[in-house]
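Subject: Handing over the structure

Hi,

Here is the structure I promised to pass on. Have a look at it first, and then read my notes below.

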Amino acid sequence: MADKILSEHTLYLENRKNMKITGVTQVVAYDERKVVLKTDYGRVVISGKNIVAGEISTNSKTMQITGDIDLIQYQATKGKSEGGLAKLFR
């Protein structure tokens, strides 16, 4: 079985107000306080106040996000190897 080719993923943040993120494959959740995005490298959670997420460009998989950004957090993709303790507490 061939390895999956991963999309390029970059994140640019300017003054904690304007973000451009590439490699977005899906918007998982969205409201004015949080956006959860799916990339080939895992989920990305962006939270803050007055968050506004633009549409994903289908060609470049790029998205613009504006607002008062307080947190950017990556979450591991499911299916990756987990340690024994992580499995116990699921």
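Let's begin with how strands are counted and paired. Strands (E, at least two residues) and helices (H or I, at least four) are DSSP runs, numbered from the N terminus. Two strands are said to pair if DSSP finds at least two bridges between them.

Before you go further: this is a predicted model, in which local features need pLDDT of at least 70 and side-chain atom pairs count only at pLDDT 80 or more, while totals for chains, interfaces and linings use all residues. Residues are numbered from 1 along each chain as its sequence is written, and side-chain values use heavy atoms, with hydrogens and water left out.

On to the strands. β2 and β6 run antiparallel and are joined by five bridges. Thr22 has Thr62 in β6 as its bridge partner. β1 and β2 are antiparallel too, with four bridges between them. Tyr12 sits opposite Lys20 in β2. Three residues separate β1 and β2 in a hairpin, and Asn15 in the turn has a positive phi of about 55 degrees.

Next, the salt bridges (a side-chain nitrogen of Lys or Arg within 4 Å of a carboxyl oxygen of Asp or Glu). The structure has three of them. I also looked at how covered the partners are: buried means under 20% relative accessible area, exposed over 50%, and partly exposed in between (1.4 Å probe, protein chains only).

- Arg16 pairs with Asp70, and their closest N and O atoms are 3.1 Å apart. This one links distant parts of the chain: Arg16 is in the loop between β1 (11-14) and β2 (18-22), and Asp70 is in strand β6 (residues 62-75), 54 residues apart. Arg16 is partly exposed at 48%, and Asp70 is partly exposed at 49%.
- Lys17 pairs with Asp68, with 2.3 Å between the closest N and O atoms. Lys17 is in the loop between β1 and β2 and Asp68 is in strand β6, so the pair ties together parts that are 51 residues apart in sequence. Asp68 is partly exposed, with a relative accessible area of 26%, and Lys17 is partly exposed at 40%.
- Arg33 and Asp31 meet through their side chains at 4.0 Å, N to O. Arg33 counts as exposed because its relative accessibility is 55%, whereas Asp31, at 32%, is partly exposed.

What about the inside? A nonpolar core here is a set of buried Ala, Val, Leu, Ile, Met, Phe, Trp, Tyr and Cys residues joined through side-chain atoms within 4.5 Å. The largest one has 12 residues, among them Met19, Ile21, Leu37, Val44, Met63 and Ile65. β2, β4 (34-39), β5 (42-53) and β6 each give two or more residues to this core, and β5 provides the largest share, four residues.

Last, the surface. Leu13, Ile72 and Tyr74 make a nonpolar patch of about 250 Å². Patches are made of residues with over 30% relative accessible area and no salt bridge, with like charges joined within 9 Å and nonpolar side chains (Val, Leu, Ile, Met, Phe, Trp, Tyr) within 5 Å; the areas come from the Shrake-Rupley method with a 1.4 Å probe, and for residues only the protein chains shown count as cover. Leu13 belongs to strand β1 and is partly exposed, at 38%.

Cheers
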